[in-house]
Amino acid sequence: MAKNKKTKQRNQKSPKLTASGNSGLMGQPAFFSNRRWHAYLILIFSFLLYANTLQHDYTQDDAIVIYDNMYTTDGLAGIPGILTYDTFKGFFKREGKDKLVSGGRYRPLTLVLFAIEWQLTAKTVKDANGQPQKDANGKIVKEGNPFVGHLINILLFGLTGLMLYWLLLALMDGKGQESYALFVALGAALLFVAHPIHTEAVANIKGRDEIVSLLGSLGAAYLSIRAFREGLFKWQILAGLVFFLALMSKENAITFLAVVPLMYYFFTKAGNGKIVSLTVPFIAASVLFLIIRFSILGSFGEPSMELMNNPFIKLEGGRYVPLSFAEKSATIMYTIGKYLQLLVFPHPLTHDYYPRHVAIMSWGNWQVLLSLLAFLGLIGYGIRGLFRKDHLAFAVLFYLVTFSIVSNILFPIGTNMAERLLFMPSVGFCIAVAILLYRLAQRQTGGKALQSFKQLNTALIVLGAAALLFGGKTISRNMAWKDNFTLFKTDVKTSLNSAKLRNAMGGELTAQSLKVENENERRKMLQEAVGHLNEALQIHPGYKEPYLQLGNCHNYLKEYDKAIGYYNKVLQFNPGDENATKNIAITYRDAGRYWGQEKNDLKKSILNLQEARKRMPNDYETNRLLGIAYGISGQNLRAIEYFQKAVEIQPNNADAHWNMGSAFMHVGSNDKANLSFNRAEELQPGIRQQKQAAERQRMGGQ
């Protein structure tokens, strides 16, 4: 009997909203009260908005966390590495480079999900003979399945919208305001899933860290409010566990240490002691996460002095120095206003806000001052609303608290701003809009309580129009995320002053040009790439990457001297740069082939090939070309020297033995020539006839 009495008391603490009763509105349709239908609407709406991403490729930072991450592509075997190193370690594959951004990054949960996904869905890449391809280390090459990644992102995003709906209903449950609770919960959830600012987080598979972090944070808050309503301790334990998982997805979740107490303060009558006790699972999860994080990454360290990892530096006297306090604070304040503008009017959107897309600002700029006024207004409203427990103030404070960690105010985040960073704070915006629309309906009744569902018509029309407009923009914006080339080509029109995007566009144009068969079209694309790369250097003269890309472009344009000059520029920045060292050797080799085969200048050909051989003495092709060049120039003994080296490098290459045999013939060593020819025939039966036929055709052509 005692147990039944306790259960009855617990149920009285958690009254449920019903489809009818005193809290309903006159003429209220069944759909408006049916939470199951609301759930279906949220899930279906979110799926339809992002369905056009299902056929998209990997894009942007997917390389870092998925297909070019050595731990992720190891599948289940890579999970220990994911859990014990910086998130970027698997991509850079070397100590030190994963610490380019101040403080490092530790977000293992979504990488673990990607590793499991890779294990289950990646396919082996096969060669023309149907055999598995292997990389330089002998590892079988696999390719991921972006369809699965996009599908999981969409489903998790829809679940996040649904979790927001459930949480808001749980907070406002039993207040005798069914229409208010349902309108705000459904309205905020629909606005959230429709908002175009979320396209970066959802359409880019890597953005799953944002989704899972918010999903876990909202889920933990929902479980916590259930623990309070139902008096069951198990929900508190589960809330702490779910919150820990949210933190392991992305650090932003830690802002819920402030959101949860605010939630109880605004929506319940819990006393301070009770609020603290309900927040303990969140505190415990945060402490555990921070211990793990700092044990792996260490302290935050000093901010980087590389512009691409620290936008708050500038070039003065040939070196980069920190911005003044006035410049830094004004620039941050400008971005705060820009974020607010994108929430209200999300256009134009871009994935790249790197320097100098956001220029260095001063306090004399009207946009900075307007941003300051808006920011102070939000803070003032939030503080004022604390005393009245105004739900709109809760929405404002939710935005400010969750935004604080990505604002660059507390600590540098490595970039000026990014649309994905609004994923969590946008919840506050969506709640605020839903509340304001409901109050619009109340204002039409002179501030009195709503009696008829018809009184919500205007608010519902505005809500529906906003959701449809946002949804249309979302579907349109998704198209830009089809692949890197489409994304860069679209966004470079907006982010003209971003050195990073200009460099990315140049690199992608170069890569795409290699797939084009038409020589004129290829040259046109390469020249366009050169233009973007030069613009990147105009913005950031100390940027190493564009120099490397320019070297590649000029190599493909057969402007070898220019290419070598750019590679040498990279080596001035970093004498040990592996890519520049390798590419300069390849360029000398390509130049040697060009001057020998296309320009018939054997002297220049040999000079370039010898430079190539100094850098890669064991390169088969370089030694082969030197053998040919010396043979054509009549220096047959030198030709034999290099052909012998080529045979040493690739002893099972029939062409290598045939070339050496030809060189021996030219110096009269017929026995050695026949030995080489016979070996070539053993390795590739029929090569003698092929070579003889080719020679007859060549002579006939003359």
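## A guided tour of the predicted model

Select residues 313-316 and 319-322 to begin: these are strands β3 and β4, which pair in the antiparallel sense over four bridges; strands (E, at least two residues) and helices (H or I, at least four) are DSSP runs numbered from the N terminus, and two strands pair if DSSP finds at least two bridges between them. This is a predicted model, in which local features need pLDDT of at least 70 and side-chain atom pairs count only at pLDDT 80 or more, while totals for chains, interfaces and linings use all residues. Residues are numbered from 1 along each chain as its sequence is written, and side-chain values use heavy atoms, with hydrogens and water left out.

Next, select Ile82 in helix α5 (residues 79-84). Ile82 counts as buried because its relative accessibility is 4%, buried meaning under 20% relative accessible area and exposed over 50%, with partly exposed in between (1.4 Å probe, protein chains only). Leaving aside residues up to four places away in sequence, Ile82 touches Tyr71, Thr72, Tyr106, Pro108, Leu111, Val112 and Ala115, where contact means heavy atoms within 4.5 Å. Ala115 is 33 residues from Ile82 in sequence, yet their C-alpha atoms are 9.0 Å apart.

Move on to Asn153 in helix α8 (residues 146-172), which is buried with a relative accessible area of 0%. Among its contacts beyond four places in sequence are Ala201, Asn204 and Arg208.

Now display helix α17 (residues 391-404) with helix α18 (residues 426-443), which pack at an angle of about 160° with their axes 7 Å apart; axes are lines fitted to C-alpha atoms over the stretch in contact, and angles run from 0 to 180 degrees between N-to-C directions. That angle makes α17 roughly antiparallel to α18, since angles over 145 degrees count as roughly antiparallel, under 35 as roughly parallel, 65 to 115 as roughly perpendicular and the rest as oblique. Residues of α17 that meet α18 include Leu392, Ala395 and Phe398, and those on the α18 side include Ile431, Ile435 and Arg439.

Finally, visit the loops. Between α15 (325-344) and α16 (366-388) lies Pro348, joined to His347 by a cis peptide bond with omega of about -10°. Asn408, in the loop between α17 and α18, has a positive phi of about 75° although it is not a glycine, and at 3% relative accessibility Asn408 counts as buried.
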